[in-house]
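Dear colleague,

Here is the structure we spoke about, handed over together with some notes on what was found in it. Please look through the model first and then read on.

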Amino acid sequence: MHLRSIRLRLLAALLGTALILIVAGTSFTYALVRERLLTDFDHFLEDKLRYHQISAMQVGQRISFRISQPVWERIHDPADPEFFQFRFTDGRDVYRSYGLGDEGEGLPRVGLAKDALIGIDCELPDGRPGRCMGLVFVPDQGEGEYEAEPVELHLVVAHDREDVDATLSRLRWLLLVSGSLAVMLMS
């Protein structure tokens with residue numbers, strides 16, 4: 001009887017250790033994949049930010065864009081709305097994407113400090129979860145007959161993160177199922 005008790009304790013300890021290792025391994029795997037997906041997403045947002053940044057220019061007192069209104073309309077996909085917003089640093093709107101509508105708060109005021117670009121999770125104006133990134137910059141100065149003091153603009157871009165969230169949800173489910181199967185096979 002004493003020998004059987006030792007075997008049961010050893011088996012319980014082995015299963016407990018295996019369970020801890022499986023939970024730690026799946027948590028670590030999930031964290032690594034999540035970090036990689038968000039890093040790629042932030043890289044996408046940074047590219048979008050730079051693209052929109054180079055489209056802005058200041059001619060005299062006016063802010064204009066190298067991309068015309070018909071081109072903005074053509075690149076707008078109603079199924080996957082574009083979210084970007086140009087503001088003066090005091091908060092007044094300069095130009096905003098169609099996905100934001102004409103009125104309302106718009107995108108969060110992120111990236112006002114002149115430090116590294118950081119993506120943050122946010123709620124988009126349509127209520128979906130998103131991720132956004134912003135920066136303050138001085139637009140290129142166009143050549144014109146009126147010289148003006150350069151202004152700083154605040155640009156924020158955002159995109160929904162439903163695809164990333166769906167992928168992470170599938171990964172969580174897969175890790176849970178595979179971890180559970182491993183524990184059942186060991187017992």
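This is a predicted model: local features need pLDDT of at least 70, side-chain atom pairs count only at pLDDT 80 or more; totals for chains, interfaces and linings use all residues.

Residues are numbered from 1 along each chain as its sequence is written, and side-chain values use heavy atoms, with hydrogens and water left out.

To begin with the interior, buried residues (under 20% relative accessible area with a 1.4 Å probe, counting protein chains only; exposed is over 50%, and partly exposed lies in between) make up 35% of the 187 residues in the protein. A nonpolar core is a set of buried Ala, Val, Leu, Ile, Met, Phe, Trp, Tyr and Cys residues joined through side-chain atoms within 4.5 Å. The largest such core has 22 residues, and those with the most contacts inside it are Phe86, Phe137 and Leu153. At least two of its residues come from each of α1 (2-55), β2, β3 (83-88), β6 (129-137), β8 (153-160) and α3, with α1 giving the most, namely five residues. A second, separate core of nine residues includes Phe83, Leu107, Val110 and Leu124.

Taking contact to mean heavy atoms within 4.5 Å, and leaving aside neighbours within four places in sequence, Leu153 is in contact with residues including Ala56, Ile63, Phe86, Phe88 and Pro139.

As for the strands, two of them pair if DSSP finds at least two bridges between them. An open sheet of three strands, with mixed pairing, has the order β2-β1-β7, and its edge strands, β2 (62-65) and β7 (140-141), each pair on one side only. Strand β1 (residues 56-59) pairs with β2 in the antiparallel sense over four bridges, and Met57 has Ser64 in β2 as its bridge partner.

Lastly, Leu181 lies in helix α3 (residues 162-186) and is partly exposed, with a relative accessible area of 46%.

With best wishes
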